[in-house]
Amino acid sequence: MHTDVLVVGAGPAGLTAAAFLAEHGVDAITVTKYPGTAPTPRAHITNQRTVEVFRDLGLEDQVREIAMPAELMGTNVWATSFAGVELARMMTWGRGRDRQGDYDSASPSQMCNAPQNALEPVILASAQEREADIRFGTELVDIVQDDDGVRATLQRGEDGTTYVVEAKYAIGADGANSTVASCLGFDMEGTAGLGSAFTVWIEADLSQYVSHRPGALFWVAPPGTNVLWSAWTAVVPSNEWNALFLMHEFLPADASDETVAELVRAGIGDPEIEFRIKHIGQWQINQQVSAQYRKGRVFLAGDAAHRHPPANGLGSNTSIQDSFNLAWKLAYVLKGLAAPELLDTYHDERKPVGRQVIDRAIKSLQEMEPLAQALGLRPGQTAADGWANIDELFSPTEVGAARRAQVRKAVRLVDHQLNCHGVELGQRYTSRAVVDDGTPWPAYTRDPELYYHPTTHAGAYLPHVWLQHGTEYVSTLDLVGHGRFTVLTGVGGQAWDDAASALSAETGLEIVTRTIGMRAEFDDALGEWAEIREIDDEGCLLVRPDRHIAWRSRGLADDPLGTLRTVLVSLLGRP
Ligand code: FDA
């Protein structure tokens, strides 16, 4: 059996790759060893860049339907239990008054809380509508490659029979225990097994404790139970939760049903509330990134390439964005529109993102410690000691006042986990799929992790502003993407459009042209594009299918056609 691309894995990374490859008309087979999509909630925080990927696929509304909306995600509470004493609170995911403008102005899409078990079927349906070939219950048992292709041995779960698929390329999107990575000797940088954790999917109506302070996350640490923060994620707002417990020396290592039920009961803190445990899952805490994202004809995407705890909620988001980066490059190479060297840029662009994400997630876990200290809670202490510390914290004493100030300071540190907009949106690429115009990157004016800094420097993601088109508002992001290169010009930039059309005719490469400006086809009615674009009216931005800026020219060139041709040859490695 032959195909152009074999995708191993049908989680967020594999399904996104399958959908985009199908959208590009690439012949691909996607296999997953499980009989269906994720049966448990796991990932949920879905950031704006990821929703924009779904927007490109036309899925944004469907994703919103299965998700908790941004406006309900914001309130983040730390408490002794749901029914117990609230210890601290912060507004997260851009819902605080100080951050809402940053989030709203950065994207046409709002983030959402989409449980993985509900999200995956949406991506799957979109891939299948595009006629993607997705095979459930099919396990990769071996994979080898040579200069000409990849040879994968697959085993059907239902009858144990094996068959071989030969492919030009393969994507290992097979998760943290990637068979692809181990068969082909991908080296991992960093440490595995830093600790372990378990998650408990619970059905319980907690609406009386959360409807006045709705949020995606609720953290509980009942004094005397040895739980140092269990993080409860809203799966279905108020009546389904996924609670995450970090294992440590004071918790029994077995996570037996009885132990877990006790922890859940204490976390709820109200014996009248009935609950049902739907699933208990165990997993490892790792801080690892693959040394190579590409080896020959095989690529790693998603958790296969980067493994880290869920702090900052970046795992599934990064996995989906990996595939968005890789799919168009594979399609262009397979269609002969780009040289195979373009595929090296997947590693060059996405590995630094993976590195940033694993380090941020571990640091965010560590940054929870000052809050625990400020609250006077630690595993191993008696309930009496824990409550004494809480009483002192709220007491009208000097010590109490000092500790309350300490709590407020420690809460601000958690911004780097729960309001980390720069890490969520700020990926900047440097690779041969980006042609630098020689100007320096603009300096960060605020903390680059907390704040997203839009720029049109080559390698950055196209900034969003709203434009008027007829009577409709459209985002700059809606003018680009959909598998095509786009030339964006302004009033007086017609020569760039003409050059792009001539190049399209010459090369067969589809290049869309759009004009943005005052009273232009896409009307910069509020003048916001002029403020942010960093080029003149007659300038030009060349934008890649994944909405990253490939190249820019501040003004009109003497020879727009020749200039654009040189840029495209440099980017795609072919005339
Ligand atoms: P994933 O592991 O999801 O999928 C792997 C796929 O490969 C599966 O389809 C499997 O069947 C298949 N497979 C494996 N071996 C195979 C083989 N040999 N042959 C064939 N198929 C094979 N992320 C986030 O962005 N926001 C969040 O809020 C959270 N929260 C969160 C909470 C908890 C508790 C956990 C455990 C994780 C998160 N995450 C997260 C992380 C997120 O769940 C994770 O990053 C993604 O599932 C990774 O997606 P992948 O597609 O890479 O792998």
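Let me start with a definition: two strands pair if DSSP finds at least two bridges between them. Helices (H or I, at least four residues) and strands (E, at least two) are themselves DSSP runs, numbered from the N terminus. With that in hand, hello everyone, and welcome to this structure.

A word on what we are looking at. This is a predicted model, where local features need pLDDT of at least 70 and side-chain atom pairs count only at pLDDT 80 or more, while totals for chains, interfaces and linings use all residues. Residues are numbered from 1 along each chain as its sequence is written. On pLDDT, the predictor's confidence in each residue, from 0 to 100, the chain has a mean of 95, and 99% of its residues reach 70 or more. For the complex, the predictor gives an ipTM of 0.97 and a pTM of 0.97.

Now the overall layout. The chain is divided into domain 1 (2-68 + 111-190 + 287-363), domain 2 (192-285 + 365-416) and domain 3 (428-572); such bounds come from an automatic or database domain assignment. Taken over C-alpha atoms, the centres of domain 2 and domain 3 are separated by 46 Å.

So where does the ligand lie? It lies between domain 1 and domain 2, because both give residues to the shell around it. That shell holds 35 residues, and the closest are G9, G11, G175, G302 and G315. A residue counts as near a molecule or strand if its C-beta atom, placed from the backbone, lies within 6 Å of it. Elements giving two or more residues to the shell are α1 (12-23), β9 (138-145) and α10 (315-334). Of these, α10 gives the most, with 4 residues. By class, the shell has 15 nonpolar, 15 polar and 5 charged residues. In that count, Ala, Val, Leu, Ile, Met, Phe, Trp, Tyr, Cys and Pro are nonpolar, Asp, Glu, Lys and Arg are charged, and the others, Gly among them, are polar.

Let's move to the sheets.

Let's follow the pairs across. Strand β5 (residues 75-79) runs antiparallel to β6, joined by 5 bridges, and T75 stands opposite M91 in β6. β15 pairs with β12 in the antiparallel sense over 7 bridges, with A197 opposite L246 in β15. Then β12 (residues 188-204) and β16 (residues 275-290) share 14 bridges, again antiparallel. In β16, I277 is the bridge partner of I202, and S290 is that of M188. Lastly, β16 pairs antiparallel with β19 (residues 306-307) over 2 bridges, where R307 partners Q288.

There is also an open sheet of 3 strands, ordered β3-β7-β4 with antiparallel pairing. Its edge strands are β3 (45-46) and β4 (68-69), each pairing on one side only. Two strands here, β3 and β7 (residues 112-113), are joined by 2 bridges, and T46 stands opposite C112 in β7.
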